[in-house]
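Dear colleague,

I am passing on the structure we talked about, with notes on two of its residues below. Please keep it open while you read.

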Amino acid sequence: MIRSVVIVGGGTAGWMTASYLKAAFADRIDVTLVESAQVSRIGVGEATFSTVRHFFDYLGLDEADWLPKCAGGYKLGIRFQDWSVPGQHFYHPFERLRSVDGFSLADWWLELGDHSQPFDRECFITTALCDAKRSPRMLGGALFASGIDGSLGRSTLDDQRAQFPYAYHFDADKVAAYLAEYAVRRGVRRVIDSVENVRLNERGFIADIRTAEHGDIAGDLFIDCTGFRGLLINKALETTFLSFEDVLPNNRAVALRVPRADVTQMEPYTTATAMSAGWMWTIPLFERNGNGYVYSDEFISPEEAERELRAAVAPGRDDLQANHIRMRIGRNTDSWVKNCVAIGLSSAFVEPLESTGIFFIQHAIEQLVKHFPDENWNPALARDYNNRINRAVDGVKEFLVFHYKAARREDTPYWKAAKLRPMPDGLAERLDIAANRLLDEETIYPYYHGFESYSWNAMNLGLGGQPPASPALKHLDADAARVALTQLQKEADEMVATLPSCYEYLASING
């Protein structure tokens, strides 16, 4: 039986793992987390998927308690700004498309819609809420989509049925600190020390780690949460890392923490703005924004990227300190090797265009619990775990490449090169399908990767793709579809008129 787990590395990945293992297994396993006081945090993973609520509900944490302590805000979707035509934007929301007579509203929009209006404004309610900066909750706490509210209990990503309408923005350092308190209260041993050596036994398994002040720390299972260093998985166990830079060349980022001139003007969405050599994120927290420029150093230098970022979001604010980050884009051949499992940046990372960093952590932790080993170290458990992790990461990689291939922007060398790069296997066929009909669950990337067909179609149509409408629609009565499109607009108007602003609601739970 596996009785002791040693997590090396704190941060979001380490403390999410420690708190979840304790919630799952309680005192039936001992958990030790070793983190260095000297290691700086990356801090780019401040936006999430809506499925992160499974994580917090599994731990028994109430949003109204933890969110204010983490400078949190709501995320109804992602606003893509200037990706096709400068000055134009569209949203990728957390909202499944409605259907009429077996066809989605996107299908009907291609047949009936006012194409002078963007697709997302006619087919999603969320778009109107984002434009009006509305909270998804009433001042009393009720969710605008009341039928899917309430705690999910000890559920996982596998139990996701309805699409929850929002995710979160938060300060990743504060979330890590909050979860550290949670985990330590439940018995996790916290060791603040530097790891000086990793010792392997005769089987090539990790026997223990040697720390500067606490000596040797032994364990049965070791979790590598050391970030891009991959201290255990790559350095000690020499696992091969597969780079994705051939298809996703953005390998650097520069970030700023920017005060909002008017804190009440808080947007309930992440913004991804196309830049000359990449894109810029804007993540609204309760009292400030997080901004960053993700770029390829093949096309722009770090100094030039910082100047472009400052000019866009903080002109004249040379006092704001910039954080430059070199990103390792790709994944390990295997994230579970012998008695070591890598979670977080040590396992895999793609650019944060669709906020997948926290999702990868959550998915990895859940799969570890489902595949938890015993002293026999059944290789089938590790093999299945690795297949699931690899497929999810590879699916996200393909979805992100889809963004660049479908984007109409070609005004700089960077954006011109985006159209010429190679593609992952299978994506060319999907692009061909998307040019001729809407994608569905049979034609998107076939393994679980966190995105449904509506996401692929929202990106394709939002970026300017317009496949022909299904010929079948000409043989159907379109009256019900016209009513549905009109009803959606009516509901959106009513919600905009009824819901408080994002800041107004969050201020009420922040006291």
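His 89 counts as buried, since its relative accessibility is 17% (buried means under 20% relative accessible area, exposed over 50%, and partly exposed in between, with a 1.4 Å probe and protein chains only). This is a predicted model, in which local features need pLDDT of at least 70 and side-chain atom pairs count only at pLDDT 80 or more, whereas totals for chains, interfaces and linings use all residues. Residues are numbered from 1 along each chain as its sequence is written, and side-chain values use heavy atoms, with hydrogens and water left out.

His 89 lies in strand β5, residues 89-93 (strands are DSSP runs of E of at least two residues and helices runs of H or I of at least four, numbered from the N terminus). Its side chain makes polar contacts with the side chains of Arg 79, at 3.2 Å, and Arg 121, at 2.7 Å (a polar contact is a pair of N or O atoms within 3.5 Å; within protein, one must be able to donate a hydrogen and the other to accept it, and residues adjacent in sequence count only if both atoms are side-chain atoms).

Lys 419, in the loop between α12 (413-418) and α13 (427-436), is partly exposed, with a relative accessible area of 23%. The side chain of Lys 419 reaches two backbone oxygens, that of Tyr 404 at 3.4 Å and that of Ala 407 at 3.1 Å. Lys 419 and Val 401 are 18 residues apart in sequence, and their C-alpha atoms are 9.9 Å apart in space.
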